[in-house]
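Here is a short briefing on a protein model. Look at the structure first, then read the points below.

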Amino acid sequence: MQITPLCPRAASEALEKLRQLRPLVHCLTNDVVQEITANVLLAAGASPAMVVAEEEAPYFAGIAGALLVNVGTPVPERLRSMQLSAQAAREHHVPWVLDPVAAGVIPWRDSEIRKLIALHPTVIRGNASEILALQGAGKGGKGVDSTDSSASAVNAAVELSRSTGSVVCVTGETDYATDGERILSVSGGNVMTTLVVGTGCSLSALTAAFCAAEKDPVTAAISACALAKRAAFIAGKHAKGPGSFHDEYLDALYAIEPQDFLGESL
Amino acid sequence: MQITPLCPRAASEALEKLRQLRPLVHCLTNDVVQEITANVLLAAGASPAMVVAEEEAPYFAGIAGALLVNVGTPVPERLRSMQLSAQAAREHHVPWVLDPVAAGVIPWRDSEIRKLIALHPTVIRGNASEILALQGAGKGGKGVDSTDSSASAVNAAVELSRSTGSVVCVTGETDYATDGERILSVSGGNVMTTLVVGTGCSLSALTAAFCAAEKDPVTAAISACALAKRAAFIAGKHAKGPGSFHDEYLDALYAIEPQDFLGESL
Amino acid sequence: MQITPLCPRAASEALEKLRQLRPLVHCLTNDVVQEITANVLLAAGASPAMVVAEEEAPYFAGIAGALLVNVGTPVPERLRSMQLSAQAAREHHVPWVLDPVAAGVIPWRDSEIRKLIALHPTVIRGNASEILALQGAGKGGKGVDSTDSSASAVNAAVELSRSTGSVVCVTGETDYATDGERILSVSGGNVMTTLVVGTGCSLSALTAAFCAAEKDPVTAAISACALAKRAAFIAGKHAKGPGSFHDEYLDALYAIEPQDFLGESL
């Protein structure tokens, strides 16, 4: 299957829609990345809200613009809330994104991830080791980190998309999004992204934000990647280490305008 | 009712007392803002401690200088701990501050907030949409963000203070604190505050810190606002986006001295 | 007993081993410091993973390079997970580090800390008030902050090491690590470390990382301190307050090379 670089105009238009809508993104995410996830969404132009209890999360999922479910630090109560919220999102036609953190590493977690995939996420976004593991083609990463290249997981992403009906987005040196028929890609970014916790997790939240604004989830997912890669590239020019990179990344997400994508290859 | 700008000398004296006492502030707050809340308290000159379990939080509330209760990500066990801690604070004459995050948005949460208000917080600090909703005069904000101006909520703040007996502080472009008889205000700040998660939540923690040091809770609450607004103003002069603003804000909270308030209008 | 400054070559070699191994560090830590803990480990050259549920944490402890247990915000379910994970670590010969946050302040927490010490941590790292309290020689600190100097706790550290069989590391202006027979020390650092939440907690995580790479836990613990003190010293030269110090600290952890320790006294 042919891989098509994302058209700059599509990325520009998707960001334009995001900035106009300023979508409310409901985040059910892990304990480690709550703050960076909220700050990435705010900097990019969305409105984050972390609503977690079973008593209110499903209600809130139904009134949000999009839902993120990230299983980075799952506990049974939170997983129940995630399942109920995913169901509510689906019933109210709210797009939702699943981030299957560390899929392939721990058997218990893998079975919980499968239950969430059965609830039809709009997009599944993971690193190469996670996507390979979900497709039964890998041995899992090193904890939460990938030990495979994103290019090596493209075929698994296509197959996973076909078997689940979800758009699958696999990120790394190059990012890919596929609905099993098309594959869109973006390159760029900066390797220091891997030294700041939550850049991947918050990219899943950004993907949810774009899904609220852009109807085609393949375009939405890869446009989120394009924004993140561009911000990382800019941050990398100014940062002297991962501490300053974190701030430069947020500053760049805030400063990037839709027209900045035009006239560049992605 | 007349609105009186906070007297610079009062703000200066309140900060002086805070810096001398270095109060221990017990924080029961939400999952997203734990780190910024602790760092804001440390930078401003207080000593934060997050003690959350039902088994120890009520004990700790009784020996702390002040207590913060923030319902940003409530779950039943944590709410029980909050209620027991608020009761313990009251029994030991420890001031406590309630931050009613997202009041007016979710029915379940609203009923939990009402139970906490019945435990007589020293100060209730919220944004305009939250205060309007608590007073039955608004329709709630967009998730955790306000969709109303603080000026539009001043009357609701006065009424809420009269009906609850708590000092009410409503923050936004201008901040107001009232005990139902007086209204004090401060202006300034920087709009980028709204793009950094936890600036509002940590202001509630600062309010608790000031309540430990300054006996009059109206003066304490509005002095906390004055410090935050001054720090945000300074940060806004140096920051190029929300990432750098976060650090500049902490640096400014640390650098501001009591005498800096003198000779300026607030 | 004589106190010996850490030999620069030993610190250099320990960091060299850490950078080569890039160990997977399993962190069971408190709600406040999750993000800084992960970022400190990433910047220093380790691979963090926070796996918390009872259903998966013990399994993961057995496959990690080292385990951190920090009781900063303990709740019963999490404590159970910590106990099971510590047992699993021990069974699989995985080194584990205990950070007894706020020991001596709250009776309930003290009894939980004692249960964890009974599971034979490889290293116990705390501030002076915590180590004194564990040895029955102090009255506890101010919440999570020490009110005693690290020098005043050296004898208690030696006694605690002898009575528990764990290496004990007490940190402050000077840091000490002892197995009850030797005492190694490092000095330096910067006092602004005390104004950034999580610098102590993440030092315990760094200690775990070094324990995965360096077989002698006294050398591992004090080498972690040496790295942290050097990074804090560098950060202090550039920072204008605790906000910028946080980022400079991470940047310095990333930039420090093993050979940087050579030719300097520690």
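In chain C, strand β4 (residues 66-70) pairs with strand β5 (residues 96-99) in the parallel sense, over four bridges. Two strands pair if DSSP finds at least two bridges between them. Helices (H or I, at least four residues) and strands (E, at least two) are DSSP runs, numbered from the N terminus.

This is a predicted model: local features need pLDDT of at least 70, side-chain atom pairs count only at pLDDT 80 or more, and totals for chains, interfaces and linings use all residues. Residues are numbered from 1 along each chain, chains are lettered from A, and side-chain values use heavy atoms.

**The sheet of chain C**
- Asn70(C) has Asp99(C), in β5(C), as its bridge partner.
- Nine strands form an open sheet with mixed pairing, in the order β1-β9-β8-β7-β6-β5-β4-β2-β3.
- β1 (3-5) and β3 (47-49) of chain C are the edge strands, and each pairs on one side only.

**The interface of chains A and B**
- In contact (heavy atoms within 4.5 Å) are 30 residues of chain B and 28 residues of chain A.
- The two chains bury about 2,400 Å² between them, 58% of it on carbon and sulfur atoms. Buried area is the accessible area (1.4 Å probe) lost on being put together, summed over both parts.
- Chain B and chain A share three salt bridges (a side-chain nitrogen of Lys or Arg within 4 Å of a carboxyl oxygen of Asp or Glu).
- Arg78(A) forms a salt bridge with Asp31(B), with the closest N and O atoms 3.7 Å apart.
- On the side of chain B that touches chain A, α10(B) gives the most, with five residues.
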